[in-house]
Amino acid sequence: MTVPTFDTVAVGDELPPLECPPVNRTLLALFGGASGDHNAIHLDLDFARKAGMPDVFAQGMLGMAWAGRLLTRWIPQARLRRFDVRFQGITHLGNGIRCTGRVVEKLEYEGERCVRIELQNTNQYGQSKIVGDALIALP
Amino acid sequence: MIDKKWIGHELPPAVLPIERTRLQFFAKAIGETDPVYTDVTAAREAGYPDLPAPPTFLFAVELDSGAIDLLLERLEIPLPKLLHGEQGFSYHRPACVGDTVTVRSVIQDIYDKRDGALEFVVKTSSATNQRGELVAELRTVLVCRH
C-alpha cells in the first residue's frame, strides 16, 4: 500500500470507489451473526412484515463497515482518527452500494496534519443511503 | 414518549474478548479482502500483534453483552420501531485479537422531532482495553419511529 501523504493530497481528490455486491438475505444473515446484531427485522421476512416493512433490509452498520473498507483501502487503519456517519435511507435487498469519498479539507487536528474525507454510500439508482466524514492523519 | 429520566443513565459495562475467528467471520461478512484483517502474518507485518478489529467492529461489544437489549427494554423502544440514526467513532489505539475490550455507555440525550413522531436517543461510550487504555469513543443515535 502506498500511503498518501499530506503534501501530495489535494482538496477535491477522490478515493478509489468501492463497489459492493447487491444485498441479499445470506449477506444479512452473515453480517447479523458476525456483528452481533440479531434484530430479526434484518433476518426474518415474517418479522419485517409485522413491523410494517415490505421485506428485510440491511443493517445500518453493514453500510458503515463498507465505508470503513473504502477508508482502510486508502490508508492503514492506524491513521484513522474519526469516522462519523448518518444513516439517511434504508438499504434494501438488491441494492448495490457504491462507497465514495472525497478530500474536502486539510487541517490540523490535535497536533496532527489531517485530511477530512466526505463519505457517501449510494445505491445503483443514485439514492443516498449513508453520508458521513472521516478524519485521517497523513504523514 | 421515552421518559427523559433516563438521560444520564449508565448501562452495565460490556466486556468482549477479541477473538480471531470472530474477526475472520466479520471480515467475510463485510467482503474484506485485505489480508491484514484475516491473516495473522499479514497483520504482524503491518505492525499489529495479531489481527486488528476493523473500524466499526466495536459496535458489536454492547450487542453481544445484551446491553443494547437492556437499553431498549428500559426505554421501552420496541424493536420494530427502532432505526439507527447516526454512528460515530473516534480512535485512540488499535484493538487486536488477544485484547479484552470493555465498553461503558451513558445516555447523553433524549429528544423528539415532528411532535413526537420521531424520538432520538443519544448514547456515548468509551471503549478501553485490559490495561485500562482508551481504545475508542463511540457515539450512537437511535431513532424510535411512531
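# Notebook: two chains, A and B

I started with helix α1 of chain B, residues 20-29, and listed its buried residues: Arg22(B), Leu23(B), Phe26(B), Ala27(B) and Ala29(B). Looking down the axis of α1(B), I found these buried residues within an arc of 165°, so they line one face of the helix. The general rule I keep in mind is that an α-helix has 3.6 residues a turn, so residues three or four places apart point the same way.

Some ground rules before I go on. This is a predicted model, where local features need pLDDT of at least 70 and side-chain atom pairs count only at pLDDT 80 or more, while totals for chains, interfaces and linings use all residues. Residues are numbered from 1 along each chain as its sequence is written, chains are lettered from A and ligands numbered from 1 in the order in which they are written, and side-chain values use heavy atoms, with hydrogens and water left out.

My terms: buried means under 20% relative accessible area, exposed over 50%, and partly exposed in between (1.4 Å probe, protein chains only). Helices (H or I, at least four residues) and strands (E, at least two) are DSSP runs, numbered from the N terminus. The arc is that of the directions from the helix axis to the C-beta atoms. Contact means heavy atoms within 4.5 Å.

**Back to α1(B)**

What sits on the face of α1(B) turned away from its buried side? I found the exposed residues Thr21(B) and Lys28(B) there. The cover over the buried residues of α1(B) includes α1 (25-35) and α3 (60-74) of chain A, along with α3 (60-65) of chain B. Just after α1(B), I noted that Gly31(B) has a positive phi of about 75°.

**Whole chains**

Chain A has three helices and five strands, and its elements run β-α-α-α-β-β-β-β from the N terminus on. Chain B has four helices and five strands, in the pattern β-α-α-α-α-β-β-β-β.

I boxed the C-alpha atoms along the principal axes and got roughly 55 × 30 × 25 Å for chain A and about 55 × 30 × 20 Å for chain B. Of the 139 residues of chain A, 52% count as buried; of the 146 residues of chain B, 53% do. For contacts with a separation of 6 or more, residues 24 or more positions apart account for 67% in chain A and 69% in chain B.

Phe87(A) lies in strand β2, residues 80-87. Buried or exposed? Phe87(A) is buried, at a relative accessible area of 14%. Leaving aside neighbours within four places in sequence, I found Phe87(A) in contact with residues of chain A, including Gly60(A) and Met64(A), and with His84(B), Gly85(B), Glu86(B) and Gln87(B). Pro76(A) is 11 residues from Phe87(A) along the chain, with 25 Å between their C-alpha atoms.

Gln59(A) lies in the loop between α2 (45-50) and α3 and counts as buried at 2% relative accessibility. A polar atom of the Gln59(A) side chain is 3.0 Å from the backbone oxygen of Leu28(A). Not counting residues up to four places away in sequence, Gln59(A) touches Leu28(A), Phe31(A), Gly32(A), Asp37(A), His42(A) and Leu43(A).

Gly96(A) lies in the loop between β2 and β3 (98-109) and is buried, with a relative accessible area of 18%. How far apart in space are Gly96(A) and Pro21(A), C-alpha to C-alpha? I read 5.5 Å, for residues 75 apart in sequence. Beyond neighbours within four places in sequence, the contacts of Gly96(A) are Cys20(A), Pro22(A), Thr122(A), Asn123(A) and Gln124(A).

Terms used
A polar contact is a pair of N or O atoms within 3.5 Å; within protein, one must be able to donate a hydrogen and the other to accept it, and residues adjacent in sequence count only if both atoms are side-chain atoms.
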